[in-house]
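Please keep the structure open while reading.

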Amino acid sequence: MFVTNLKLAIRTLLKNRLQAIILIGGLSMGMATCILLLQYISFELSFDQFNHKKDQIYRVVNERFQNGTSVQKGTITYPTIGPTLKADYPEVKQYTRLSYNPDLYIRYDNELNKLNNGFAADEHFFEVFDYPLLAQDALQVLDETNEMVISKTIADQYFPAAKGNYNAVLGEGFYIDDHEDVFKVVGVFDDIPTNSHLQFDVLISYASFVRYVGAGANDSWTWSDFYHYLVLEDGTDVAAFEDKLVGFSEQYFRGVEVSGSDEVFTLQPLLAAHLYSQDLEYEIGETANGRAVWMMLIIAFFILLIAWINYVNLSSVKAIERSKEVGIRKVVGATRQQLMRQFFTEAAIVNTISLVFALGIVQLLSPWFAQNFEIAVEEFSFFQGHTLNTYLFLSLFALIVVGVLISGAYPAYLLSSTRISSVLKGIYAKKSGSATLRKSLVVFQFMISIALITATWMVSRQISYMSKQDLGFDINQVISINGPELSNFDSTFIDRINALKSELTKHPNIKAMSTSSREPGERMGRIFQAALVAEKSMDQHFTSNFINVDHSYADTYSLIPTAGRFFRREDHSNDFNQISSIVVTEEVARKNGMEPEEMVGQRLTFGGREKQWEVIGVVPDFHQRSLHHAIEPIILFPFYEPYNSLSVKVSGGDIGQTLAFIEQSYLSVFPGNIFIYQFVDEQFQRLYEADARFSNILSFFTALTILIACLGLFGLTSYMTFLRTKEIGIRKVLGASPWSIINLLSKDFLRLILVAFILAIPLAYLFLDNWLNNFAYKLPLEWWMFVIAGVAAILIAYLTIGFQSFRVAMTNPANSLRSE
């Protein structure tokens with residue numbers, strides 16, 4: 001019986017080639033899209049899953065409150081937190097603490113390199129995380145000073161002869177940063193998986209870090225620059241343990257007495273670190289937007305559902321023609337169950353063929369998809385090593401089963417329930433029993449399509465709006481250069497900076513040069529307990545960001561003071577005690593209820609210390625970070641540091657020649673450093689990379705959604721016009737014009753799309769309103785945006801319907817009436 005049903009199904013598809021092409025084409029695109037998105041989603045959800053203790057690992061999140069208001073929530077906290085929790089609470093099985101070093105220099109022989117992902121880690125690191133060690137010189141590593149472990153890539157780079165035999169690398173030595181001591185390699189770890197939220201090539205022992213920066217890195221309750229991961233005992237009630245952290249804070253911080261803030265500690269599961277850390281400050285891991293990932297999953301489902309709806313619609317309208325076939329089969333004895341099996345077989349064949357084509361599309365498009373949308377997707381393969389990819393096969397099997405059930409159930413029911421008497425009397429063709437469902441499905445398809453068109457357009461406009469906003473300072477034509485971090489900060493350092501500045505500004509293409517502790521786009525440091533000297537009561541304290549800059553910063557970034565003046569050369573000094581001037585932004589003045597002119601001359605203290613700082617100038621507010629964030633108060637200090645980056649303002653001309661001159665001058669004044677540069681405006685635009693990527697993906701899949709919906713509409717129009725061929729012929733004989741025929745065939749569909757447009761408005765509004773909440777500065781949602789998106793969808797649908805209607809309208813009526 002199965003073979004008979006298979007033959008009948010194939011024969012039906014070959015007989016109706018146009019319908020088969022539309023169904024298989026739409027389903028293939030829908031399935032390919034779904035698989036591509038599922039690969040991406042699967043990769044995003046796989047982060048940190050390789051850790052065996054993944055369900056027990058949590059990281060400490062520290063939120064600070066001042067005057068009842070949250071002033072910071074992030075993953076950095078004090079160095080004492082992990083060890084103290086381990087000592088005080090039996091729920092904590094193990095901990096590890098890290099200090100992040102984004103600018104780590106390593107030197108071997110005469111080869112110097114800068115790494116952007118180094119950590120100081122304690123001896124418990126490899127007990128908490130499962131990063132395989134390929135070689136180690138002891139059972140425990142990183143427990144002594146001047147020890148380091150390196151990745152396989154670093155080992156291969158520096159010791160190619162030892163490739164594959166990493167025990168030969170043990171005992172080798174590197175110089176780290178500007179330290180004179182040799183760091184011994186005590187381990188080599190396998191390269192970090194891409195789906196790890198922590199990415200690093202080198203770990204130095206935490207004991208070394210403490211030795212170089214002081215005991216505060218080990219026992220301070222006020223120095224907050226450290227990261228802690230805990231392993232909880234099996235069966236720990238995490239919520240109950242978090243409740244205990246309230247008492248922990250009260251015991252060690254005593255309200256605001258120790259740190260100046262009410263300290264609140266919570267735990268974030270390791271498996272949530274990658275997708276749900278967007279709102280956490282000082283994040284060191286690889287992060288993504290969890291809401292965007294799940295949104296992609298919903299879009300993937302809708303695209304596939306729209307493709308299945310095409311099958312349901314075309315099959316249900318085809319039932320009008322196939323009713324005689326079903327009636328005859330019933331006359332000769334076919335049961336309802338046999339008929340349903342036949343139509344389910346047809347659905348299975350269409351879905352299986354579509355899946356085969358979809359897999360081919362995925363194989364071809366995966367590299368293009370990953371490259372053009374700059375996202376990682378898991379490699380599509382039927383095998384994992386020499387083992388069958390069971391997960392993939394089960395997923396594809398489930399896809400076919402669900403597809404057959406969704407796309408085949410209603411057509412099978414509709415066709416198998418045909419009554420013989422109705423068919424023989426010709427009543428079926430005059431009925432519209434399936435019309436309501438068919439119309440509802442068309443409305444659903446275009447409701448999703450119109451909502452996606454609206455969302456895509458608005459997302460694109462919001463990103464364009466952010467990229468074109470005035471930031472409050474000019475970052476165009478500014479080159480950022482890494483600071484001379486390997487040079488000592490001695491009595492000559494400021495003079496050398498000024499000498500470099502003098503040399504560079506002699507070049508006709510260079511307008512200015514300055515130094516700063518943070519480049520535009522980078523998160524700033526925080527100052528807590530800032531207060532006016534005249535009003536030092538606790539309720540007058542405020543929190544501010546700060547940047548250390550030199551006196552040329554305003555010239556480089558075109559910051560013109562609104563009151564007072566900017567720094568001068570004499571405001572700098574090698575002696576901290578001789579520095580007392582600060583410049584603040586207008587937001588600082590507003591925080592204190594003052595106009596900029598009133599703020600000039602005011603004195604501030606920080607952290608309850610006695611030292612007073614005089615405000616000598618107020619500059620306009622500027623967006624140090626992206627427009628996701630509101631304008632923040634910023635205090636500028638006149639400090640020089642080797643870690644301060646250099647900003648060089650250039651004019652047009654030969655950029656290559658100008659860069660060569662800058663590099664030569666830089667290395668002549670600060671020999672032994674590495675020259676690394678980037679353009680500040682490009683760096684700032686990278687803050688919107690995730691938004692732009694989301695917009696591009698949304699645009700691509702919106703286009704596919706519209707294409708699949710229009711394919712179904714085209715097929716439906718084709719068949720409906722076929723059923724009305726004789727009616728159209730009669731109308732033309734009676735004098736109907738081609739345009740009247742087109743309007744006749746189009747109006748019913750256009751009414752449905754108009755209904756879809758009305759239903760799409762609240763759907764699109766809810767999505768966009770939620771998405772725009774991620775931005776402090778955003779475009780308003782206005783009614784005309786929805787109207788334009790709806791008109792665009794109606795126009796696309798009209799062209800789809802009109803093409804087929806025009807072809808029928810231009811047919812010679814004699815051809816359609818000849819059989820009469």
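1. Which residue stands opposite Tyr 229 in E12? Arg 59 does. Note before going on that this is a predicted model.

2. Strand E12 covers residues 227-232. Six of its six residues are buried, so the strand is largely enclosed by the rest of the structure. In a regular strand, side chains alternate between the two faces of the sheet. Here Tyr 227, Tyr 229 and Val 231 point one way. His 228, Leu 230 and Leu 232 point the other way. Both sets are buried.

3. E12 also pairs with E3. Six bridges join these two strands, and they run antiparallel. Val 92 stands opposite Leu 232 in E12.

4. Lys 93 is found in strand E3, which spans residues 92-101. Is Lys 93 buried, partly exposed or exposed? Its relative accessibility is 42%, so it counts as partly exposed. Leaving aside residues up to four places away in sequence, Lys 93 touches Lys 86, Val 231, Leu 232 and Glu 233. Val 231 and Leu 232 are buried residues of E12. Glu 233 lies 140 residues away from Lys 93 along the chain, yet their C-alpha atoms are separated by 5.3 Å.

5. Helix H6 takes up residues 206-213. Tyr 206, Ser 208, Phe 209 and Val 210 are buried in it. What do the buried residues of H6 pack against? Their partners are E3, strand E6 (118-121), strand E8 (147-151), strand E10 (182-189), strand E11 (202-205) and helix H7 (216-219). Just after H6 comes Gly 214, with a positive phi of about 110°.

6. Next, helix H3 (residues 81-88) and helix H8 (residues 238-253). Their axes come within 12 Å and cross at roughly 115°. H3 and H8 are therefore roughly perpendicular to each other. The crossing is right-handed. From H3, the contact draws on Ile 81, Thr 84, Leu 85 and Asp 88. From H8, it draws on Leu 245, Phe 248, Gln 251, Tyr 252 and Phe 253. By class, that gives six nonpolar, two polar and one charged residues.

7. An open sheet holds four strands in the order E17-E25-E16-E26, with antiparallel pairing. Which strands sit at its edges? They are E17 (510-516) and E26 (677-679), and each pairs on one side only. Neighbouring strands of this sheet are turned by 25° against each other on average, direction ignored.

8. E17 pairs with strand E25 (residues 645-650) in the antiparallel sense. There are six bridges between them. Met 513 has Val 648 of E25 as its bridge partner. Helix H14 (residues 493-504) lies across E17 and E25. It runs at about 160° to E17.

9. H14 also meets helix H18 (residues 655-669). The two axes come within 10 Å and cross at roughly 155°. That angle makes H14 roughly antiparallel to H18. This crossing is right-handed. Which residues of H14 take part? They are Arg 496, Leu 500, Glu 503 and Leu 504. On the H18 side they meet Phe 661, Ile 662, Ser 665, Tyr 666 and Val 669. The class count is six nonpolar, one polar and two charged residues. As for spacing, an α-helix has 3.6 residues a turn, so residues three or four places apart point the same way.

10. Last, helix H13 (residues 435-467) and helix H22 (residues 738-772). Their axes come within 7 Å and cross at roughly 40°. That makes H13 oblique to H22. The crossing is right-handed. What is the make-up of this contact by class? It has 23 nonpolar, two polar and one charged residues.

Conventions
Residues are numbered from 1 along each chain as its sequence is written. This is a predicted model: local features need pLDDT of at least 70, side-chain atom pairs count only at pLDDT 80 or more; totals for chains, interfaces and linings use all residues. Side-chain values use heavy atoms; hydrogens and water are left out. Buried means under 20% relative accessible area, exposed over 50%, partly exposed in between (1.4 Å probe, protein chains only). Contact means heavy atoms within 4.5 Å. Two strands pair if DSSP finds at least two bridges between them. Axes are lines fitted to C-alpha atoms, for helices over the stretch in contact, and angles run from 0 to 180 degrees between N-to-C directions. Angles under 35 degrees count as roughly parallel, over 145 as roughly antiparallel, 65 to 115 as roughly perpendicular and the rest as oblique. A crossing is left-handed if the near helix is turned anticlockwise from the far one by less than a right angle, and right-handed if clockwise. Ala, Val, Leu, Ile, Met, Phe, Trp, Tyr, Cys and Pro count as nonpolar, Asp, Glu, Lys and Arg as charged, and the others, Gly among them, as polar.
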